[in-house]
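Okay, thanks for coming, everyone.

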Amino acid sequence: MVLSFTVSLSAADTCVECHSVLDGNLQAPAKAFSNDIHSRFGLSCADCHGGDRTASDPEQSMSRAHGFMGRIPRTAIPERCGGCHSNAAFMQKYKPRQRVDQLAQYRTSVHGKRLATGDTAVATCIDCHSVHDIRETKDPLSPVHPLRLPETCARCHADASHMAKYKLATDQFAGYRKSVHWEALAQRGDLSAPSCASCHGNHGAQPPDVASVAAVCGTCHVMMEDLYKGSPHAPVFASMGAAGCVVCHGNHEIKQPSTGMLAGPNAVCRQCHDSDSAGGKAAAEMAQQMARLDKAIQKSDQVLALAQQSGMEVSEALLRQRGAKEALVKAAVAIHAFQPAAVQKPVQEGLAITAETFRAGVSALDERRYRRIGLGVSLTAILITMLGLGLAIRTIESRKHDGKIA
Amino acid sequence: MRKFLAHKTVPVHAGTMWYYFGGITLFLFIIQVLTGTLLLLYYRPSPGEAYESVQFIMTRVQFGWLVRSIHSWSANLMILAAFIHMFSVVFLRAFRRPRELTWLSGIALLGLALGFGFSGYLLPWNTVSYFATKVGTDMAAAVPVMGHPLARFLRGGNDVGGATLTRFFGFHVAVLPGLTTLLLLGHLALVQKHGISSPRWVVEEYQHKRMPIPQMAFFPNFFLRELMAWYAALGVLGSLAALFPWELGVKADPFAPAPAGIRPEWYFLAPFYTLKLIPSHVWVFEGELVGLLGFGLLALWWVALPFWAVDRKGVERTRGVTGAGVLLLAYLITFSALGYWK
């Protein structure tokens, strides 16, 4: 019994024990800490704040001699976190697969560099990861969970008063919320969809420079990047200092691409190319090809849907139709070569498929008509036979000695 | 034969129309045999080929779509006709002595028809049929003592797979047709032996009038009327097959998760929905086990109807039988509807 008492005493965390019964701000960290990932691994307040977690006397447990620091200065926070998180041997005990270069990356970030100059208004570890209730990134309640990260960044970057001294725009989050990336992330729940950190980096956060925009977008849009690099636009944009993909697609408010980007009143090509110029004509031709395939796909879809609703077996044609839709995607990718000939090839492939699927749909509807005519003829024959049987029964039963036995 | 036909008669009264449903069930069974034989020419009972072979029948074989649709629709109409026939027998009291064996053979035939439905449902090897068979065989596993061996026997292994398909095909085209033919012959022989039953109230009415019950000659009067009913059934069947061809669905993928809203054919919906309503545990027993035991007892009680429908003094429990029939019918209709819509 004495032994068990000693063990429990040595494992005690007097920081939490005392602060749990205090009020207000002194109690809040102790209560929040029960949800903290560090608490789950047996770490204590004293591991960040210093002091002696085993001492029951406040004078001793919060003694400066034991390195206690109640409020850690913001400039010291990255180093304090990095004390463990940059120590590979230490991290191996708890999270062996976790990277240990966060502090090194942070120092290269805009946040880190400004903090080093004494600007304490920039983000440190706790501004993104929270403090005292730090959760794993995969925890949906964590502020850096993929679904919550854009809002976490926006806490500062959408705050005009906070950004005023840095002369930074604050419309990034509003723009991002109108983008296809936000739609994929928030509406379709695709956690792999890009958010702030995907393009800007997380610990080493900084805006991608002009030269690296295509590479950043190209981490996901690999084929577009390849085609763009070989296109006539790449050297021109580079010489103009224009940021590749951003010139046409924008940055934060990236909308679903459409043929309207190539031709029409809102065409992005018109920013540089007159409609009569060679570039303008090429854009119009590519738009026309895409629209032609899109229309052919819709036409086939309609006829196949009608056939399917009528119970006709058109699954093979529907499967084939997927090939046409893939061809449309390939054509959209091929636009990044900015050569009508490159777009023409997948468009022709798609058109060949839609011609085939349209024929299959029409043939199914013809078959439906044929079946209905056949049904009409059969029902008429059945009805005539039934009438004949009815007459036969009547004739038999109208005779003197009919079938009825009284 | 002529002598037999000349003497065979059918009673004529307000409920005579219900006598046609036995014949309609037989007609639909004949359609099943004919269309099933045609489907056999192309169907291949393996997971890699079953779906494709049915797809081939429906898209490439001349009138294959019609044969397959008629086979599927007539299976459903046959079970519906069999249920109507069974309830008409109950409400007309046609199970009374000496027709107990006719009732028992009829119930066994209904059981075989449900077996045809369950085994045939898997054969196109589409997603819905695959997962419905999984659920169905899982239920079999919940039967006390025999459950796991029974489920293993049905599946031909621990899970629904190629062995199950081969097995179900065997049941569907060999075992069940053989048993059904034998039982059907027995059932028809018993009907011929005992003749067509008249309801008690019709018998009493004519006894009171001191008159014999009016009869109709089986041939040609009743036979021609039955033939008209068969033609009507054929018209309904053809219309359903042409206007609502039986869907093939999506090929089964055993590694894919079960799609939402999976449910069995309509004739299994009532027990399926009832089992869904039973909590996972009832006292110390598993809910599914309690449900299956309940269904077992209910089926046993229903099968034994001719034996409890008459008390020890030989007096018919008229109200009890009608009440039981109405309750069972109401339960089947309500729970099937709930199972379909919810």
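First, what I mean by buried: a residue with 20 or more other C-beta atoms within 10 Å of its own, those atoms being placed from the backbone. This is a predicted model, so local features need pLDDT of at least 70 and side-chain atom pairs count only at pLDDT 80 or more, while totals for chains, interfaces and linings use all residues. Residues are numbered from 1 along each chain as its sequence is written, and chains are lettered from A in the order in which they are written.

So, chain A. Of its 406 residues, 25% count as buried. Its radius of gyration, taken over C-alpha atoms, is 35 Å, well over the 22 Å from the globule rule (2.2 Å times the number of residues to the power 0.38), so chain A is more spread out than a compact globule. Its C-alpha atoms fill a box of roughly 125 × 85 × 40 Å along the principal axes.

Where does H8(B) bend? At B:Phe171, by about 40°, that being the angle between axes fitted to the seven residues ending there and the seven starting there. Its buried residues include B:Phe168, B:Phe169 and B:His172. Just after H8(B), B:Gly195 takes a positive phi of about 75°.

How values were computed. Helix = DSSP H or I, 4+ residues; strand = E, 2+ residues; numbered from the N terminus. Buried ≥ 20, exposed ≤ 12 C-beta atoms within 10 Å, placed from the backbone.
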